[in-house]
Amino acid sequence: MRVVVLPKTEGETVLESLEAMGVEHEYQCRSGYCGACRSKASGVVDYVLEPVALINAGEILPCCCIAKGPVLIEINEQSLTEGLSELIFFKKQA
Ligand code: FES
């Protein structure tokens, strides 16, 4: 499932935006080292920390980047919580 992340607070990472929206996205280090948060995404992001974990084209590390506009990110459907707010969903394309 893909959702759009719209940053609400200045300096908020994409991971923090997801959490504020009610998405429990996987993470461990929250500092760009482990790669646990690596996700397929499209949109423009700026890294606040230079990531150490490897990412491929079309992937981001949400824990250490800031959305510069709407970011379309792939999330696990089971990570959605009951406190969901302001999510825009896109069905997975076949
Ligand atoms: S949580 Fe470790 S790289 Fe993002």
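1. A nonpolar core is here a set of buried Ala, Val, Leu, Ile, Met, Phe, Trp, Tyr and Cys residues joined through C-beta atoms within 7 Å. The model is a predicted one. Its largest nonpolar core has 20 residues, and those touching the most other members are V5, V14, V45, C65, V71 and I73. At least two residues of this core come from each of β1, α1, β5 (65-67) and β6. The largest share, 4 residues, is supplied by α1.

2. I73 deserves a separate look. Beyond its neighbours within four places in sequence, I73 is in contact with R2, V3, V5, V14, S39, A41 and P62. One of these, A41, stands opposite I73, which lies in β6.

3. Strand β2 covers residues 39-42. In a regular strand, side chains alternate between the two faces of the sheet.

4. Which strands pair with β2? Strand β4 (residues 59-60) runs antiparallel to β2 and is joined to it by 2 bridges; in β4, I60 is the bridge partner of S39. Strand β6 (residues 71-74) also pairs with β2 in the antiparallel sense, over 2 bridges.

5. L6 sits in the loop between β1 (2-5) and α1 (14-21). Its C-alpha atom is 7.2 Å from that of S17, although L6 and S17 are 11 residues apart along the chain.

Terms used. Residues numbered from 1 in each chain as written. Predicted model: local features only at pLDDT ≥ 70, side-chain atom pairs only at ≥ 80, totals over all residues. Buried ≥ 20, exposed ≤ 12 C-beta atoms within 10 Å, placed from the backbone. Pairing = 2+ DSSP bridges. Contact = placed C-beta atoms within 7 Å.
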